[in-house]
Amino acid sequence: MQGTSSTARTLHGRSLPLLVHVLKSVENLGVSYVKGTELYQSKLEAEIRRLKFSYRESLEDEYEPRRKDHISHFILRLAYCQSEDLRRWFIQQEMDLLRFRFSILPKDKIQSFLQDSHLHFEAISEEEKNLREQEIIASSTSLGGPKLELEYVYKIPFADALDLFRGRKVYLENGFAYVPLKDIVAIILNEFRAKLSKALALTARSLPAVQSDERLQPLLNHLSHSYIGQDYSIQGNAGKISLDQIDSLSTKSFPPCMRQLHKALRENHHLRHGGRMQYGLFLKGIGLTLEQALQFWKQEFIKGKMDPDKFDKGYSYNIRHSFGKEGKRTDYTPFSCLKIILTNPPSQGDYHGCPFRHSDPELLKQKLQSYKITPGGISQILDLVKGTHYQVACQKYFEMTHNVDDCGFSLNHPNQFFVESQRVLNGGKDIKKESIPPETPQPKQSAQKTKNASSALASLNSSLEMDMEGLEDYFSE
């Protein structure tokens with residue numbers, strides 16, 4: 001793997017535990033606002049500041065941040081080279097982050113950045129610029145007026161400016177393109193995309209050697225599929241949901257992935273293993289107790305002509321196991337969006353997975369129509385799906401079904417969808433028990449819920465820090 005020079009790598013400085021948050025924010029804002037506009041820039045800067053991510057140029061003597069910068073960059077190459085979807089997503093978000101960081105780079109640092117990035121572009125002199133002033137202004141729409149004297153202009157080999165040439169956005173003379181600073185970012189991004197894409201492809205070829213190291217592979221899988229939000233295995237809402245509420249909640253507050261699983265279960269009185277795992281853990285996360293879960297699944301499977309004894313012997317063990325009452329006593333966590341999107345795709349006869357990722361576009365359109373989404377809303381969602389923004393598409397579905405302009409959160413988990421839905425429907429309050437007698441009385445748990453959530457977030461951050469330390473140890477050997 002090639003090293004990267006100081007100024008170029010400075011633009012890509014990052015702390016690994018923050019990067020998933022940062023790239024997800026870059027994705028969400030990139031589909032909500034027009035990239036490069038003042039509003040987009042201000043929103044992204046505010047979000048990056050909120051995450052306390054170091055995005056401006058580092059000081060020359062900051063050796064330790066640079067060391068972590070190099071390590072984290074190549075770790076993420078290893079983590080995100082493992083599939084075409086991961087590579088595409090990683091490259092796009094890194095390009096958008098680079099575009100933002102280049103836009104705020106001081107002008108006196110731009111030339112050193114280009115040199116350190118091995119882009120041999122030189123700004124032309126004022127005399128050369130004055131000679132070609134009219135032609136450059138006429139050809140470069142980004143200038144927006146006769147303000148060329150305030151703008152750097154770069155003389156670039158024609159072959160490096162093909163995209164600008166195709167769009168008739170650049171002045172050509174004797175095999176060179178004269179590119180204003182505002183347009184040079186397009187050339188930098190193309191170069192970055194090509195190099196990162198090639199690097200990820202080469203890294204993917206080396207994966208068999210990496211996967212043979214039992215210390216490294218589990219950590220890389222965790223990074224590429226990691227979910228770093230609230231831990232929904234902590235049942236702060238246990239007992240607050242009654243079985244009689246589930247049908248109503250499925251249409252009001254379930255995300256589409258869980259809504260289709262519930263519908264399939266009610267119609268077929270059965271789900272295959274993948275569907276039972278995905279839906280069962282979701283129900284556990286929204287508050288079903290073990291006793292309720294056993295009753296819920298048994299009642300439904302018996303409707304499908306299953307013998308009660310067969311259910312008790314073949315299925316009840318798996319339900320108890322998911323609650324940590326059997327086997328290794330592992331308390332299983334509800335699946336995050338990333339896990340649903342990237343692992344165990346559904347096959348014929350399955351109903352699990354993510355409808356935005358795994359459904360045929362025409363079938364998805366029909367499903368959204370049945371959910372009473374407007375034609376305009378469906379078009380927006382399908383455009384997001386076409387751009388592989390599956391979680392953002394689900395977020396847009398949330399906004400349309402709850403009649404809000406901006407949901408105010410980045411969607412990462414089906415149980416997060418449910419919790420936020422209940423807050424909207426209940427006027428900002430947490431899950432509300434409907435006027436149905438509870439099956440088992442439960443004490444109020446609001447204080448404990450807050451404490452548990454804080455504890456879970458601290459635990460997850462600690463886990464990611466440990467991953468970082470383990471990977472640093474590996475690369476320092």
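**Sheet, helix packing and cavity in the predicted model**

Ala123 stands opposite Tyr154 of strand β2. In this predicted model, the pairing of β1 (residues 122-123) with β2 (residues 153-157) is antiparallel and comprises two bridges. On β4 (residues 176-180), strand β2 is likewise paired in the antiparallel sense, here through five bridges. Within this pairing, Pro157 lies opposite Phe176 of β4. Strand β4 is also joined to β3, by three bridges and again in the antiparallel sense. Phe176 of β4 is the bridge partner of Glu173.

Taken together, the four strands make up an open, antiparallel sheet with the order β1-β2-β4-β3. Its edges are formed by β1 and β3 (171-173), each of which pairs on one side only. Helix α10 (residues 181-205) packs on this sheet and touches β2 and β4. The direction of α10 makes an angle of about 115 degrees with that of β4.

The axes of α14 (256-268) and α16 (residues 290-303) approach within 8 Å and cross at roughly 45 degrees. On the α14 side, the contact involves His262, Leu265 and Arg266. Helix α16 contributes Phe296, Trp297, Glu300 and Phe301. Sorted by class, the residues of this contact are four nonpolar, one polar and two charged.

Helix α14 also takes part in the lining of the largest cavity. The structure contains one cavity of 30 Å³ or more, and the space within the largest cavity amounts to about 120 Å³. Its lining consists of 14 residues. Those nearest the centre of the cavity are Cys257, Cys337, Cys354, Phe356 and Cys394. Two or more lining residues come from each of α14 (256-268), α19 (337-342), α20 (355-358) and α23 (390-401). In composition, the lining has 13 nonpolar residues and one polar residue, with no charged residue. The contact of α14 with α16, by comparison, includes two charged residues.

Terms used: Residues are numbered from 1 along each chain as its sequence is written. This is a predicted model: local features need pLDDT of at least 70, side-chain atom pairs count only at pLDDT 80 or more; totals for chains, interfaces and linings use all residues. Side-chain values use heavy atoms; hydrogens and water are left out. On a 1 Å grid over the protein atoms alone, a cavity is a set of points where a 1.4 Å probe fits but cannot get out, and a pocket is an open set with protein on both sides within 12 Å along at least five of seven lines; lining residues have an atom within 4 Å of a point. Grid points are joined across faces, edges and corners, and a volume is the space filled by probe spheres set on the points. Ala, Val, Leu, Ile, Met, Phe, Trp, Tyr, Cys and Pro count as nonpolar, Asp, Glu, Lys and Arg as charged, and the others, Gly among them, as polar. Two strands pair if DSSP finds at least two bridges between them. Contact means heavy atoms within 4.5 Å. Axes are lines fitted to C-alpha atoms, for helices over the stretch in contact, and angles run from 0 to 180 degrees between N-to-C directions.
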